[in-house]
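Let's take a friendly walk through a protein model, one region at a time. Please keep the viewer open as you read.

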Amino acid sequence: MNNSNWIAIVNMAAGGGKTKKDWPFIEQILQREGIRYEAYFTDRRLHASIIARNKIKEGNSKIIVVGGDGTMNEVINGVFAQKRIHTTDVMLGMISVGTGNDWAKTFNIPADYEGAVRTIKRQLTFIQDAGLVHYRKNGKEWKRYFINIAGLGFGAKVVERTNRMKEKGKSGPFLYFYNILYSLMGYRSKKAVIEIDGTSYNRNIFSLNVGIGKYNGGGMIQVPHAIADDGLYSITLIKKIGKLNIIANIKKLYNGKITQHSKVETYMAKSVQIDGSSLLKVETDGESLGHGPVSFEIIPRSVTVISGELSA
């Protein structure tokens, strides 16, 4: 096992091409701080998963992710795809260069490159839960691991539109917010049966978030009750709600008070299933996947990440 050197998995397309522009500067900081590494660059979707899986198989166990939440999501799936070592024996550091960088907020990982590199150098670790979702796409069932938040319904539609704009070179902190307002015009809530730890509920779903971390959508706090290592999903369900009501309460999506709204229900659970939901789209960690029916299971304390200083 190679425990001295790091593997840096670099997504040059992250942040609307920001990584490509900033990578030489990031390299200088890594070298100045004495971090020994080999860099590998992604050139297509899911490439980070393949690199992570193969490098762990070759004996590497320390990975620096240079990109956004989607890049980290791909790496996590590579970690779970290999069977050489236990997933917690892989140490993951993050240098955020994405659009939202929501996962990093949970762990107080500095947004500036110098701070992120110093955080990696300190190697203060946290073992967090991971999620596994089964979903449908093109008539087949697929699965995906995630470490932050899965969204269904309206949120997944917003993510899908945002990702299409990113592919066209659009970026910026207000991209997600803009697409919330745009997507509201034609969106309708979907009826589904939700089973939460064995108890079924008939609901008309506007949006559903299944969280391990607190933040998504570029700083929203839709699951403020989330604890990343408690072995439970934190669930926020927004029932059918009027468009003007949503617009009037957008601020609550960002300050964590949305859970106090009369149209919102919250739960804690180890497993979640949503049936009769082929019209409900699903995303994890900002990556558009497919649609329902979906099922979630939690994998407690299964991912070792390097965090910033966490408050008690």
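The paragraphs below cover a helix, a loop residue, salt bridges and surface patches.

What you see is a predicted model, in which local features need pLDDT of at least 70 and side-chain atom pairs count only at pLDDT 80 or more, while totals for chains, interfaces and linings use all residues. Residues are numbered from 1 along each chain as its sequence is written, and side-chain values use heavy atoms, with hydrogens and water left out.

Let's begin with helix α2, which spans residues 47-57. Helices here are DSSP runs of H or I with at least four residues, strands are runs of E with at least two, and both are numbered from the N terminus. In α2, the residues H47, A48, S49, I51, A52, K55 and I56 are buried. That word stands for under 20% relative accessible area, with exposed meaning over 50% and partly exposed in between (1.4 Å probe, protein chains only). As background, an α-helix has 3.6 residues a turn, so residues three or four places apart point the same way. What covers the buried residues of α2? The cover includes strands β1 (6-10), β2 (37-41) and β3 (62-67) together with helix α3 (69-81). After α2 comes G59, which has a positive phi near 115 degrees.

Next, find N101, in the loop between β4 (91-96) and α4 (102-106). N101 has a relative accessible area of 17%, so it is buried. Leaving aside residues up to four places away in sequence, N101 touches G67, G68, D69 and S96, where contact means heavy atoms within 4.5 Å.

Now for the charged pairs. A salt bridge is a side-chain nitrogen of Lys or Arg within 4 Å of a carboxyl oxygen of Asp or Glu, and by this rule the model has nine salt bridges.

Another salt bridge joins R203 and E265, at 3.0 Å from N to O. R203 sits in strand β9 (residues 199-211) and E265 in strand β11 (residues 264-269), so this pair ties together parts that are 62 residues apart in sequence. R203 is partly exposed at 21% relative accessibility, and E265 is buried at 15%.

R301 and D229 form a further salt bridge, with their closest N and O atoms 3.6 Å apart. R301 belongs to strand β14 (residues 287-306) and D229 to a loop, so the pair links parts that are 72 residues apart in sequence. Both partners are partly exposed, R301 with a relative accessible area of 43% and D229 with 28%.

Patches are made of residues with over 30% relative accessible area and no salt bridge, joining like charges within 9 Å and nonpolar side chains (Val, Leu, Ile, Met, Phe, Trp, Tyr) within 5 Å. R188, K191, K240, K243 and K263 form a positive patch. Among them, K263 lies in the loop between α9 (250-255) and β11 and is partly exposed at 34% relative accessibility. A nonpolar patch consists of Y178, Y182 and M185, with about 350 Å² of accessible area together, computed by the Shrake-Rupley method with a 1.4 Å probe. Y182 lies in helix α7 (residues 175-184) and counts as partly exposed at 40% relative accessibility.

Technical notes
Lys, Arg positive; Asp, Glu negative; His and termini not counted. Charge placed at Lys NZ, Arg CZ, Asp CG, Glu CD.
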